[in-house]
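I opened my notebook beside the structure and looked up a handful of local features. Here is what I wrote down, entry by entry.

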Amino acid sequence: MPILVLGIETTCDETAAAVIERAGDGQGRILSNIVRSQIEEHAPFGGVVPEIAARAHVDVLDGIVANAMKDASVTYSQLAGVAAAAGPGLIGGVIVGLTTAKAIAMVHNTPLLAVNHLEAHALTPRLTNALAFPYCLFLASGGHTQIVAVLGVGKYVRLGTTVDDALGEAFDKLAKMLGLPYPGGPQVERAAVQGHATRFGFPRPMMGRPDANFSLSGLKTAVRNEASRMTPLEQKDINDLCAGFQAAVLESIADRLNVGLRLFTEQFGPPTALVAAGGVAANQAIRGALREVAGHARTELVIPPPALCTDNGAMIAWAGAERLALGLTDVLDAPPRARWRLDENIEVPAKLANTRAGF
Ligand code: KG4
Ligand code: ZN
């Protein structure tokens with residue numbers, strides 16, 4: 001029997017709600033998907049301001065939920081469940097979304113699904129591509145940079161993560177440093193296309209390391225040092241700095257993913273695909289690098305459409321539906337969580353245990 005689930009996303013700077021349908025055979029369909037970005041509110045600060053984000057979610061969430069229900073032509077009594085991202089993320093925003101979902105669940109006597117935001121990214125290719133387990137996820141956004149083995153619903157093993165900044169955060173910080181507007185990723189990509197990547201010999205972070213972790217802060221410092229040495233910067237300098245930065249990032253991503261895919265195959269056999277998600281996956285040069293990595297590993301590359309790669313309510317609703325189909329519902333006092341490891345309840349193979357230390 002098909003089930004309908006409402007999903008709510010408020011963990012960062014997008015206020016989003018969606019209704020999806022999951023058929024008995026596991027096929028998914030999006031009935032509505034509304035996303036309101038807060039970019040304009042945060043742009044003057046060059047990054048997301050948690051207090052502003054939480055207030056903006058409060059202002060608009062009820063209207064967005066109502067519109068998502070209306071667009072889908074669905075009534076609350078038809079819902080099989082209501083899902084909200086319960087973390088990880090900015091706690092003020094998480095509380096807004098989760099409390100709203102709890103209120104709907106209580107009033108309409110429907111099950112609550114307190115979804116892990118990272119799990120929602122991880123399960124999206126099953127909504128868009130009906131992808132079979134197990135697959136390897138590369139999640140790169142403003143808040144997260146992870147390589148995850150997705151083995152089943154609720155079965156995730158983190159193969160690599162960043163030890164400092166997230167990839168998108170590094171793009172945003174570089175843009176801010178060079179006086180480019182927020183969000184920095186698309187700006188840096190545009191400037192990089194015009195620049196010469198070989199003018200500077202920036203470090204390639206973590207290259208050759210046996211684990212699959214990322215690090216961006218050393219590269220960021222190297223670019224900052226070069227930029228302050230050359231101040232005042234001309235447009236050509238900015239372009240070359242962006243090109244040099246992006247070239248270093250590309251090599252680092254390829255190397256880290258080669259290792260991640262090797263660890264994956266050693267532990268779990270070959271993946272059905274390499275999946276990319278998160279705003280950074282919009283970058284054309286990074287997509288090119290991912291194609292090469294996937295080709296090298298003889299696996300398919302799956303990148304959900306941009307609107308489903310970045311934060312949205314459909315992915316939360318879908319993760320909720322996948323959990324609901326397995327009977328994995330949550331109690332009404334499920335806590336909002338600023339931090340929430342995707343693989344905290346899974347036994348990690350001994351070989352990978354050293355990649356988990358410290359974070
Ligand atoms: O997934 P997302 O929309 O939101 C969250 O972070 O949750 O990702 C936004 C991040 C920002 O840091 C933005 O600068 C980065 O993704 N981004 C890009 C590009 N487009 C967006 N980074 C590099 N190149 C891009 N073209
Ligand atoms: Zn996200």
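Before anything else I noted the cut-off: a residue counts as exposed when over 50% of its relative area is accessible, and as buried when that figure is under 20%. I also noted that the model is predicted.

**Entry: positive phi**

I started with N109. Is N109 buried or exposed? Its relative accessibility is 72%, so N109 counts as exposed. I placed N109 in the loop between α3 and β5 (112-116). Its phi is near 50°, a positive value in a residue other than glycine.

A130 sits in the loop between α4 (117-128) and β6 (135-140). With 45% relative accessibility, A130 counts as partly exposed.

**Entry: cis peptide bonds**

I found P88 in the loop between β4 (81-87) and α3. Another cis bond runs from Y182 to P183, and its omega is near -5°. P183 belongs to the loop between α5 and α6.

**Entry: a nonpolar patch**

Which residues form a nonpolar patch with about 320 Å² of accessible area together? I wrote down M106, V107 and L332, which make up this patch on the surface. V107 is part of helix α3 (residues 91-107). V107 counts as exposed because its relative accessibility is 65%.

**Entry: strand β1**

I checked how enclosed strand β1 (residues 3-9) is. Of its 7 residues, 7 are buried, so β1 is largely enclosed by the rest of the structure. I3, V5, G7 and E9 point one way, while L4, L6 and I8 point the other way, and all are buried.

Next I looked up the partners of β1. It pairs with strand β2 (residues 14-22) in the antiparallel sense over 7 bridges, and a hairpin of 4 residues joins β1 to β2. With β4, β1 pairs in the parallel sense over 4 bridges. I followed I8 to both neighbours: its bridge partner in β2 is A17, and in β4 I8 stands opposite A84.

**Entry: helix α6**

Which residues of helix α6 (residues 184-194) are buried? I listed G184, V188, E189, A191 and A192. What covers these buried residues includes α5 (167-177), α8 (235-268) and α9 (284-296).

**Entry: aromatic pairs**

I counted aromatic pairs and got 5 in the structure. In one of them, the rings of F171 and F245 have centres 5.1 Å apart and planes at 90°, so I logged the pair as edge-to-face. F171 lies in helix α5 and F245 in helix α8, so this pair ties together parts that are 74 residues apart in sequence. Both F171 and F245 are buried.

F200 and F202 make a stacked pair, because their ring centres are 5.4 Å apart and their planes are at 25°. I noted that F200 and F202 are both buried.

Notes:
Residues numbered from 1 in each chain as written. Chains lettered and ligands numbered in written order. Predicted model: local features only at pLDDT ≥ 70, side-chain atom pairs only at ≥ 80, totals over all residues. Heavy atoms only, no water. Patch = residues over 30% accessible without salt bridge, like charges linked within 9 Å, V, L, I, M, F, W, Y side chains within 5 Å. Areas by Shrake-Rupley, 256 points an atom, 1.4 Å probe, with all protein chains shown as cover. Salt bridge = Lys/Arg side-chain N within 4 Å of Asp/Glu carboxyl O. Helix = DSSP H or I, 4+ residues; strand = E, 2+ residues; numbered from the N terminus. Buried < 20%, exposed > 50% of the residue type's maximum accessible area, 1.4 Å probe, protein only. Contact = heavy atoms within 4.5 Å. Phe/Tyr/Trp six-rings, centres within 6.5 Å; stacked < 30°, edge-to-face > 60°. Pairing = 2+ DSSP bridges.
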